[in-house]
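I opened the notebook to look up charged side-chain pairs. My entries follow the order in which I checked them.

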Amino acid sequence: MAKTSYNPRTLAWLLRAKPSRRGGFTLTELLIAVAVSSIIIATLLYLVVELLQINRREGLLTQTQQDMGRAIDYITRDAGEAVYIYPSPDAVVDVDAGTTLIDQIGDFPADVTPVLAFWRLDPLDPNNANVQTFFNKVCDTAFSASNTEANPTECNTLKIRQGYYTLVIYGQQENADDGKLWGGKSRIVRYELPRYSSSNLPNLIDTQGYSEPTGNDNSFDKWKKGTGTTKGNLAVLTDYLDNPVSGAEPQCPNSNYQASPADADNFYACVLRDTTTTTSGVTSGTNQTLVVFLRGNAATENAGFATFSDAGRLPTLKSEVLIRGVLDKQPSL
């Protein structure tokens with residue numbers, strides 16, 4: 001193979017020759033490229049955040065709508081089992097003393113606004129072990145006739161009735177800043193005062209503060225509590241209830257209905273007035289009509305990316321219930 005040889009002058013020229021000039025970005029070009037890239041990235045980030053907000057907001061709205069639907073369905077089904085509904089939890093039950101129903105419930109939270117109160121008949125669960133223990137007892141031998149709190153008559157009545165009366169009260173409680181336990185603006189609470197707890201049923205021991213609403217010395221509309229401070233059960237139904245708007249007025253069907261409370265538009269009940277009268281423990285009259293109004297709010301401090309204004313308020317839900325309870329009732333003459 002032939003070797004290539006270079007002329008000494010040519011080699012010297014190549015060594016002295018300057019390298020070819022190569023192109024590059026100026027500082028101005030780099031700054032312009034950075035600015036354009038920043039605008040594009042910022043726009044993309046804004047779109048991502050907006051999509052996250054929309055997704056989170058729609059998720060909360062859907063969840064709140066479902067919660068409100070379940071809540072009003074639960075309340076109306078619960079009230080549908082009622083045998084007597086008070087026009088208002090603030091209804092006067094002792095005219096002489098001016099005492100209202102809610103005045104007698106000593107363990108009802110002071111920061112809860114009562115909305116709806118009624119009596120319902122809770123059936124005995126045949127699968128409950130304590131109920132089975134009770135039914136296996138012979139009333140005449142298991143209970144002494146001298147014991148007025150648990151005598152054979154009460155035992156026999158309970159076995160025939162297969163249930164006992166329970167006082168139920170619904171109310172609204174605002175969600176305070178208590179460790180962010182509750183999510184929304186307010187919550188719906190359900191209070192109940194049953195005659196017996198499951199463990200006390202076999203011995204027919206009444207819940208403290210309870211008294212039977214039927215009989216010669218008591219009635220539904222003039223109910224007087226038993227001995228001691230009431231000890232009922234309190235539970236939360238939902239925590240995405242809206243707060244009432246300032247200056248709100250309930251929208252009842254007509255003037256024959258009584259609204260409770262009188263200054264709410266987020267959660268209130270309208271009860272048809274003067275449909276029943278009670279004489280000697282027996283209630284007479286037509287069936288009662290109840291209308292429940294409920295409005296949720298998805299706005300919450302723990303919403304993450306989602307932000308709400310008045311748009312967080314959901315449309316008000318309404319449900320009407322015809323109370324068909326016939327226990328201890330007789331037709332008007």
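Are Glu-154 and Arg-195 buried or exposed? I looked them up in this predicted model. Both Glu-154 and Arg-195 are buried.

**Entry: Glu-154 and Arg-195.** I found a salt bridge between these two residues, with 3.1 Å between the closest N and O atoms. The pair links distant parts of the chain, 41 residues apart. Glu-154 belongs to helix α6 (residues 152-161). Arg-195 lies in the loop between β6 (186-194) and β7 (233-241).

**Entry: Arg-195 and Asp-206.** I then followed Arg-195 to another partner. Its side chain meets that of Asp-206 in a salt bridge, at 3.1 Å from N to O. Here 11 residues separate the two, and each sits in the loop between β6 and β7. I checked accessibility next. Arg-195 counts as buried because its relative accessibility is 12%, under the 20% cut-off. Asp-206, at 27%, counts as partly exposed.

**Entry: Arg-77 and Asp-73.** I turned to helix α2 (residues 27-80). The side chains of Arg-77 and Asp-73 form a salt bridge there, 3.0 Å from N to O. The two residues are 4 apart in the helix, so about one helical turn separates them. Asp-73 is partly exposed, with a relative accessible area of 37%.

**Entry: network.** I also looked for linked pairs. Salt bridges join Asp-78, Arg-120, Asp-122, Arg-190 and Glu-192 in a network.

**Entry: total.** Last, I searched the whole structure. I noted 12 salt bridges.

Definitions and conventions. Residues numbered from 1 in each chain as written. Predicted model: local features only at pLDDT ≥ 70, side-chain atom pairs only at ≥ 80, totals over all residues. Heavy atoms only, no water. Salt bridge = Lys/Arg side-chain N within 4 Å of Asp/Glu carboxyl O. Buried < 20%, exposed > 50% of the residue type's maximum accessible area, 1.4 Å probe, protein only.
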